[in-house]
Each structure stands twice: as C-alpha cells, then as structure tokens.
Amino acid sequence: MSENSAFFSVRDIHAYYGESYIVQGVSFDVAEGEILALLGRNGAGKTSTLRTLARVDNPALTQGEIYLNGQAVHEMQSHEAAQAGIQLVPEDRRIIGGLTVEENLMLAQVAEPRGWSIEKIYDHFPRLGERRNQEGTTMSGGEQQMLAVARALARDIKVLFLDEPYEGLAPVIVEEIEKILMQVRDLGITTIIVEQNAVAALKLADKALILDMGKIAFRGTAAEVLENKELRHEYLAI
Ligand SMILES: Nc1ncnc2c1ncn2[C@@H]1O[C@H](COP(=O)(O)OP(=O)(O)OP(=O)(O)O)[C@@H](O)[C@H]1O
Ligand SMILES: [Mg+2]
C-alpha cells in the first residue's frame, strides 16, 4: 500500500469533455488536514480537475487513479464519492432557490453519513443562525458562500473542494471565509482550494499546485510560489 499511503492521492488522471482532452496527466498527494491551493490561468483546467476528482460525469475520467484513505475513488460514481466524504462546492454555490437557509441545511442532512447538526452549524456560523428563516438565495455572496461551506459540513466530509470561494467577495468577507476554512482545517478535513485570488489562497494553503493547459507546471509549498517572481508572473499574474 505504500504507493497509496497519502490520505488523498491522485495518480496520472486524464479526463475529456467529449473529444476535448482537458486534464492531461495530473498527479499529486495531499496529507490529511492539509490545504492545497490549485492555481493557474483561466482555462488551465482547475474546475475540470476538481470535477474529475469529485467524480462528476463530465469531464469523463479515462485513465488514472484517485485514492481517498486507500479507497479507489476512480471506481466510484459521484454519489459514492460523496458518501466516501468528498464534497465539491462549485463556483456558483448552488444554494437552492425558494428554500430558507435552514431548509437548505436540512436538505443536506438527508443524505448519510451525516455530519454537523444544524445547531452545531449555527454555533460556528452565527450569521447563518441569524438568517435561518431567510431565503438562501437572497443573502449576500459571502453569506451564500458560508451556507455552501456549512452545507458541505452537514455531510460527514473528509475532503472539501472549493472552486473560487472568494469570487466577487469584499476583502473583509474573504477574511471571514478564511477563518471558517481554518476551522475546517482544525477539524482535520483536507481542502483543495481553487482561486483566482492566488495570494489569499496561498496565505491559507500548505502546498500549491499550478496547472497549465491541463498539466502540472509547478508543485511545491505555498511559500515557494510566493517567493518565485517568474512563476507568479507567468501563471498567476501577481
Ligand atoms: N463542459 C465543457 N465542455 C467542453 N469544454 C469545456 C467544458 N468546460 C470547460 N471546458 C474547457 O476545458 C478547459 C479547462 O476549463 P476549466 O473550466 O477547467 O478551467 P479553469 O482553470 O477552471 O478556468 P477558470 O479560471 O476560467 O475557471 C477550457 O479550455 C474550457 O474551455
Ligand atoms: Mg474554473
């Protein structure tokens, strides 16, 4: 088992949208409780990589292996990956319209295995408690992002994928979300964060991966990316 000894291990994955070859041999390991920043220019394949790892149908994984704690995620369908503890919070957050904050949370708790109780969520996200009876989609972008993360925690998750969680949010709200993500890390949950705001993502992350045209252009620590001017200019525009 030594080759799969990392908590979350991605081995040479390849994925296609129809004929379009997008994820072109990506490999990396993440330790339990670690935060990985997955960075790269627009169209580099970040979202596609997250979707492939969460076993969403499109893009289709054609080759490669994904292990969570030794379990073969590459052999799972998306609902099985969710049961195994993988949750993707997509860029659009998918808050369900017409439902209150609490109803959105209750819906997330229907699926087994269950994670945090509604009360525990309100303890950690007091803002959501205050707004429990408000329709979720009428909240601010930052509050909706909190709800999206909280909803993920309503499942018993082991790995959290966040696609551009800071998009469209004011810096003070980004700081609030960062605090929540630090709490998530303290719970031992492994996080992969995709962000255009590379500086914010790197501040939080232990490790960083830069994707370019579906391949890994750099892997290292977050500090190494911040210190490397060429890398920052070429791939991150910072
Ligand atoms: N549903 C799809 N069908 C076909 N091609 C797609 C589809 N979704 C994305 N692509 C293509 O796959 C490539 C990678 O897209 P992806 O969305 O993964 O990039 P990204 O790194 O997340 O970019 P961004 O920073 O803009 O979100 C792009 O060339 C894109 O046009
Ligand atoms: Mg994307």
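Leu36 has Ile192, a residue of strand 8, as its bridge partner. In this predicted model, that pair belongs to the contact between strand 3 (residues 35–39) and strand 8 (residues 190–194), which run parallel and are joined by four bridges.

- Strands of a sheet pair through backbone hydrogen bonds, in either a parallel or an antiparallel manner.
- Here, six strands make up an open sheet with mixed pairing, and their order is 6-7-8-3-9-10.
- Strand 6 (86–89) and strand 10 (215–221) form the edges, each pairing on one side only.
- On average, and with direction ignored, neighbouring strands of this sheet are turned by 15° against each other.
- Helix 10 (residues 229–236) packs on the sheet, where it touches strand 3, strand 9 (207–212) and strand 10.
- The direction of helix 10 makes about 45° with that of strand 9.

**The nonpolar core**

- In soluble globular proteins, nonpolar side chains tend to be buried together.
- In this model, the largest nonpolar core contains 69 residues.
- The residues with the most contacts inside this core are Ala37, Ala150 and Phe161.
- Helix 6 (residues 141–153) contributes seven residues, the largest share of the core.
- Leaving aside residues up to four places away in sequence, Ala150 touches Leu105, Ile121, Phe125 and Leu128.

**Helix 1**

- Is helix 1 largely enclosed by the rest of the structure or largely open? Seven of its eight residues are buried, so helix 1 is largely enclosed.
- The buried residues of helix 1 are Lys46, Ser48, Thr49, Leu50, Arg51, Thr52 and Leu53.
- Just after helix 1, Arg55 adopts a positive phi of about 65°.

- Which residues lie around ligand 1? They are Tyr17, Ser20, Ile22, Gly40, Asn42, Gly43, Ala44, Gly45, Lys46, Thr47, Ser48 and Asn58.
- Sorted by class, this shell has three nonpolar, eight polar and one charged residues.
- Strand 2 (20–30) and helix 1 (46–53) each supply at least two residues of the shell.
- The largest share of the shell, three residues, comes from helix 1.

Note on methods:
Residues are numbered from 1 along each chain as its sequence is written. Chains are lettered from A and ligands numbered from 1 in the order in which they are written. This is a predicted model: local features need pLDDT of at least 70, side-chain atom pairs count only at pLDDT 80 or more; totals for chains, interfaces and linings use all residues. A nonpolar core is a set of buried Ala, Val, Leu, Ile, Met, Phe, Trp, Tyr and Cys residues joined through C-beta atoms within 7 Å. A residue is buried if 20 or more other C-beta atoms lie within 10 Å of its own, exposed if 12 or fewer, and partly exposed in between; C-beta atoms are placed from the backbone. Two residues are in contact if their C-beta atoms, placed from the backbone, lie within 7 Å. A residue is near a molecule or strand if its C-beta atom, placed from the backbone, lies within 6 Å of it. Ala, Val, Leu, Ile, Met, Phe, Trp, Tyr, Cys and Pro count as nonpolar, Asp, Glu, Lys and Arg as charged, and the others, Gly among them, as polar. Two strands pair if DSSP finds at least two bridges between them. Axes are lines fitted to C-alpha atoms, for helices over the stretch in contact, and angles run from 0 to 180 degrees between N-to-C directions.
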